Amino acid sequence: MGQSLNKSGSHEKEKEIEPVIHENYDKYFSNTEDWTCADFYHAVCQTVEEINRTIGRTQFRVQERSTLERAYKKHSRGEGKPLTEDQLQKLLREVILDTGVSNIGGAKDMLFYLFGVPAAALFFKQRLAPKLIPNDVFIPVITSATVFLLAKLNKL
């Protein structure tokens, strides 16, 4: 998983992902004799979801079904034989490298909250009670409260 993580973060993330892959291998990929493509896709989605939950901000997307099928055929040993943990790591590395990292949506949300919430609050304050709190105090307080809320929700 190192190559895909070097693009998006550091080696600490790789160390966080290894136990997640091992745990999900035991949970989803240990008994795969009578699997369908839908079962495989579901197991990969669950694994990527757990990786995203462990990492936090950086989000990996799951590739299209056809790409996953090609990767499975490339890394599997044949019909009815389960993937080894090493094969699963190679498959996930290929899938994640192919999709890349989707952290741009989070950046847009963060900018929206950091600038939109204080601007909207200022607009409402000016309409409802323009003299109640000075703008020099109101804007930093609202911005700080927004940053605090984003930090509590793990959006920053």
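Predicted model: local features only at pLDDT ≥ 70, side-chain atom pairs only at ≥ 80, totals over all residues.
Reader: Hi! Which residues form a nonpolar patch on the surface?

Author: Leu132, Ile133, Val137 and Val141 do, with about 360 Å² of accessible area together. Accessible areas come from the Shrake-Rupley method with a 1.4 Å probe, and for residues only the protein chains shown count as cover. Residues are numbered from 1 along each chain as its sequence is written, and side-chain values use heavy atoms, leaving out hydrogens and water.

Reader: Where does valine 137 lie?

Author: Valine 137 lies in helix α7, residues 135–152. Helices (H or I, at least four residues) and strands (E, at least two) are DSSP runs, numbered from the N terminus.

Reader: And why does valine 137 count as partly exposed?

Author: Because its relative accessibility is 44%; buried means under 20% relative accessible area, exposed over 50%, and partly exposed in between (1.4 Å probe, protein chains only).

Reader: New topic: which residues touch the most other members of the largest nonpolar core?

Author: Phe29, Phe40, Val44, Ile51 and Leu92, out of 19 residues. Such a core is a set of buried Ala, Val, Leu, Ile, Met, Phe, Trp, Tyr and Cys residues joined through side-chain atoms within 4.5 Å.

Reader: Which helix gives the most to this core?

Author: That is α3, with 6 residues.

Reader: What about lysine 125?

Author: Lysine 125 lies over the face of phenylalanine 138, at 5.8 Å from the ring centre. The rule wants NZ of Lys or CZ of Arg within 6 Å of the ring centre and within 35 degrees of the ring normal.

Reader: How exposed is phenylalanine 123?

Author: Phenylalanine 123 is partly exposed, with a relative accessible area of 45%.

Note on methods
Patch = residues over 30% accessible without salt bridge, like charges linked within 9 Å, V, L, I, M, F, W, Y side chains within 5 Å. Salt bridge = Lys/Arg side-chain N within 4 Å of Asp/Glu carboxyl O.
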